[in-house]
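Subject: A structure for you to explore

Hi there,

Here is the structure I promised to pass on. Have a look around it before you read my notes below.

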Amino acid sequence: MSNLESPPGQRQSYAREILGEGLFSKLESSKVLVVGAGGIGCELLKNLVLTGFGYIEIIDLDTIDLSNLNRQFLFQKQHIKKSKALVAKETASNFNPSVKILAHHDNVKDPKFGVGFFQKFDLVMNALDNLDARRWVNRMCVASNVPLVESGTTGFLGQVQPIIKGLTQCYDCTPKPVPKTYPVCTIRSTPSTPIHCIVWAKTWLFNQLFGEDDENEEQELDKAVADGEDAAEIDNLRKEARQMRDLRTSLISWSNEEELRSSAEKVFRKVYKQDIERLLSMDEMWKHRPVKPVPLDYDNIVAPPNPSEADGQAASVGPGAEEAEKGEVGATQGSSSGLKDQRSLSLKENVELFIQSTVALAKRASASPTEPLSFDKDDEDALDFVAASSNLRSKVYSIEEKTRFQVKEMAGNIIPAIATTNAIIAGMLVIQSLQVLKGAWQEARYVNLSRGTNRLLTSLKCEPPSRDCPVCQETYVPVRLNVAKVTLAQVIETLKKPRANKGGEEDGSGGEGGLGMDPELEVSTYEASRLLSDPDFDDNLEKSLSQIGIVNGKVLSVVDEDGGKANVNLLIEEDDAMGEGQVGLPEAGRLPDLLDKAPKVEERKEEDEDDGFVVEEVDKKNLPLPPSATRGKRKRVGEEKGVEVELEGKKRELENGHEQADEEPDQPSSKKLKGDENVESRQDQDVIVLD
């Protein structure tokens, strides 16, 4: 009898023997949340079901792409364009049918996945590919006091970090490097920054049209049909592959200039109109994303309607004529700088540059059909093609466009995803999760996977929380209220009421007890990075929470303007039974203490007794700023669109990229990565990691 055919008890006999009856029983009864079903997530889910975990929920927003199949082994070709979470659940359930798996094809940052959702789990395990989501999950776990095991990989490197509030550093206790790697799913379908578009133009579109051809693709599709895979989906893949091959052939096999230009125009229509329209037809992909792409109409851009016809045709122009004309004015004005590479191009100019560079590259490719072209940033035609292609894609997705010079700087290298790295890190995730579930935090370890050292795997004791962490050193308070019947001013007023005595009448259940904040304290309020109020901006104070977008699952942050007290984060739990103006706080005995903010290390000068030189000691930490931290610019809710208020404070300059595929391994604060001093010299190397 095979393992898959064995009864549940016999199937888990080895795991039960190795782990012991007590720990194995705990696994069977524990509830685990896995966030991410990509490279690490697939390996992790397989490990969990085979180890004996009894209840697993998994969240992932992405759909399966052809490029995932070489390492995300829970997926096959018939699953392409389907939900990663749903397919991962279906496949992993076959390994151990006795495990209950609940899948969510959703965004983990959706308000419904708030603190109340996280509190029902015994453990959360991160297998994410972007910094923003990692920080969100970390914050939710800190707020709900649920253990988190964080992980990430980049090429041959990886790390695992156990996190529990009050005992270990959280994810934001140490500064994170600027993200320089990006997931392929983002590049191919849902870009959000200029570098995503640049990588797409350089590594995908350029290679499809002029790079080395994949001769094995057709054979793989034939084998898939023979193996009984979804024939309809295989036909779709054949159609897409044929379209790109046909376009490539037409670019190389041309008889005159007019025919060649027509082929270049067909490429434009496919990638900026037809492909975008096909993506828009996938409703699930855009259900939880705020911005949808807008197809570009070639004819309307290069030949906009006459002014007399504009009224009748404006609706069909889309991002065409009117924007192109506006862009041309700006481009003409900007051309006075005199440098071609540093001038911003209009939409129409980008289209013309795309056609010109495609024609130029096609001529070179046709001259030597057996020698594929490769991208070189010093190749004028190749750089023109990538600059124009990326800016047009940015236009489609409403992303900031870049100059040719900036594109040249940002074009970088590719770090391939390594399936074995994901497998090792997934194994370490499970090992550390066992320590967490046992409550043996003294045995939990920060695990680092690296190459070029004597040891492939190293482990360190988890360090205590950083006193100045902007996440785990803040106060979190669950509040019950009716968001339609409570104003922002009433919430602040409740927080400034005296605390109820333990066992007293004011237990907070009806909104009577307060949090005990100083009534004279000047505070600002935020929802994420959105400023709701401050001492000089009171437009929203008399509005209900629902009117300013504070609903169930949101976090309302209250910030001491003087910086003396740690921020108070209110975890909104909507309760329709609560009355007008009532804010329900926890019982007096369960109210968290208001914390003082850790003093910052001030710059100071010390006299060196030996030589008299002055030594400056400066705090070099550059911790990620939360919504509550000082900002250079804050956008106020309720003001006219585009109006920003300049406030005093430190302005942080963020780079365009916000995502990275299985982030570069972090190190505990006491252990610096070798070569840290060279970080600045590596800033021009943007990379894409296949997660």
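In what order do the five strands of the open sheet stand? The order is β10-β14-β13-β11-β12, and the pairing is mixed. Two strands count as a pair if DSSP finds at least two bridges between them. β10 and β12 (530–533) stand at the edges with a single partner strand each, so one side of each has no neighbour in the sheet. On average, neighbouring strands here are turned by 30 degrees against each other, direction ignored.

Before going further, please note that this is a predicted model: local features need pLDDT of at least 70, side-chain atom pairs count only at pLDDT 80 or more, and totals for chains, interfaces and linings use all residues. Residues are numbered from 1 along each chain as its sequence is written, and side-chain values use heavy atoms, with hydrogens and water left out.

The whole chain

The chain has 21 helices and 19 strands. These are DSSP runs numbered from the N terminus: helices are H or I with at least four residues, strands are E with at least two. Of its 691 residues, 50% are buried; buried means under 20% relative accessible area, exposed over 50%, and partly exposed in between, with a 1.4 Å probe and protein chains only.

More on the sheet

Strands of a sheet pair through backbone hydrogen bonds, either parallel or antiparallel. You can find both kinds here. β10 (residues 475–481) runs parallel to β14 (residues 568–574), joined by seven bridges, and Thr475 stands opposite Val568. β11 (residues 523–527) and β13 (residues 555–560) run antiparallel with five bridges; there, Glu527 has Leu556 as its bridge partner. Five of the seven residues of β10 are buried.

Helix α7 (residues 131–144) lies across β10, β13 and β14, at about 80 degrees to β10. Such angles run from 0 to 180 degrees between N-to-C directions, and the axes are lines fitted to C-alpha atoms, for helices over the stretch in contact.

In the loop between β10 and α21 (488–495) you will find Asn482. Asn482 is buried, with a relative accessible area of 6%. Its contacts, leaving aside neighbours within four places in sequence, are Asp575, Asp576 and Met578, where contact means heavy atoms within 4.5 Å. The Asn482 side chain also reaches the backbone oxygen of Asp576 at 3.5 Å.

Why does the length of α5 (residues 84–95) agree with what we expect? At 1.5 Å a residue, its 12 residues should span 16 Å, and the end C-alpha atoms are 17 Å apart. The expected span is 1.5 Å times one less than the number of residues. Ser83 caps the N-terminal end of α5, with a side-chain oxygen 3.3 Å from the backbone nitrogen of Ala85.

Helix α4 (residues 39–51) packs against α5 at an angle of about 35 degrees, with the axes 9 Å apart. Leu45, Lys46, Val49 and Leu50 in α4 meet Ala88, Lys89, Ala92 and Phe95 in α5.

Two loop residues to look up

Most residues other than glycine have a negative phi. Lys81, in the loop between β2 (55–59) and α5, has a positive phi near 75 degrees. Asn145, between α7 and β5 (148–154), has a positive phi near 60 degrees. Lys81 is partly exposed at 34% relative accessible area, and Asn145 is partly exposed at 47%.

Happy exploring!

Methods: Polar contact = N/O pair within 3.5 Å; in protein donor to acceptor, adjacent residues only side chain to side chain.
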